[in-house]
Amino acid sequence: MLSISMMAGDYFTVGGETVVQLERLRGDRAQLFVSAPRAVPILRGDVLERQGGQRPACVREIAPPQTGQLPWTPRKRAALAELRRTLDRMDSSPEVQTLREKLEIMFPEPTFSNG
């Protein structure tokens with residue numbers, strides 16, 4: 001199987017008469033333009049399978065992109081705690097305050113409830 005890295009506007013051809021162009025990427029979705037002769041059937045994989053067709057053997061299972069927070073390890077927790085302690089020892093300049101705010105946005109301190 002051929003793997004192609006593309007940027008918006010790039011295209012490739014299949015045979016002499018089919019053209020596939022990447023129009024844009026938006027998040028985890030791509031919009032493609034396909035130009036092919038009318039005699040060439042074009043079906044999305046989910047439609048093909050819903051109609052009883054077989055998934056082609058060459059189609060790989062792609063793991064969904066990981067979302068959410070970074071996986072935490074004891075070293076990462078210790079590094080974050082050291083960053084917070086270092087910022088606490090620094091002055092209250094606007095730059096230091098901005099660093100504190102950004103750190104809190106990226107890694108909010110956990111809150112614990114008594115419930």
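Predicted model: local features only at pLDDT ≥ 70, side-chain atom pairs only at ≥ 80, totals over all residues.
Q: Which residues are linked with Arg-55 in a network of salt bridges?
A: One link is the salt bridge between Arg-55 and Glu-49, where the closest N and O atoms are 3.0 Å apart. Arg-55 is partly exposed, because its relative accessibility of 39% lies between the 20% and 50% limits. Glu-49 is partly exposed too, at 34%. The network joins Arg-55 with Glu-49 and Glu-61.

Q: In which helix do Arg-85 and Glu-82 both lie?
A: These two side chains form a salt bridge, with 2.8 Å between the closest N and O atoms. Their positions are 3 residues apart, about one turn of the helix. Arg-85 has a relative accessible area of 43% and so is partly exposed, and Glu-82, at 34%, is partly exposed as well. Both belong to residues 74-89, which is helix H2.

Q: Is Arg-84 buried or exposed?
A: Arg-84 meets Glu-104 in a salt bridge, at 3.6 Å from N to O. This pair links distant parts of the chain, 20 residues apart, with Arg-84 in helix H2 and Glu-104 in helix H3 (residues 94-106). Glu-104 has 34% relative accessibility and therefore counts as partly exposed. Arg-84 has 16%, and because the cut-off is under 20%, Arg-84 counts as buried.

Q: Which residue in the turn between E1 and E2 has a positive phi?
A: Let's move to the strands: E1 (residues 11-14) and E2 (residues 18-26) pair in the antiparallel sense over 4 bridges. Val-14 stands opposite Thr-18 in E2. The two strands form a hairpin with 3 residues between them. The turn residue with a phi of about 65° is Gly-15.

Q: How much accessible area do Leu-32, Val-34, Val-40 and Ile-42 have together?
A: These four residues form a nonpolar patch on the surface. One of them, Val-34, is found in strand E3 (residues 29-35). Together, the accessible area of the four is about 340 Å².

Conventions: Residues numbered from 1 in each chain as written. Heavy atoms only, no water. Patch = residues over 30% accessible without salt bridge, like charges linked within 9 Å, V, L, I, M, F, W, Y side chains within 5 Å. Areas by Shrake-Rupley, 256 points an atom, 1.4 Å probe, with all protein chains shown as cover. Pairing = 2+ DSSP bridges. Buried < 20%, exposed > 50% of the residue type's maximum accessible area, 1.4 Å probe, protein only.
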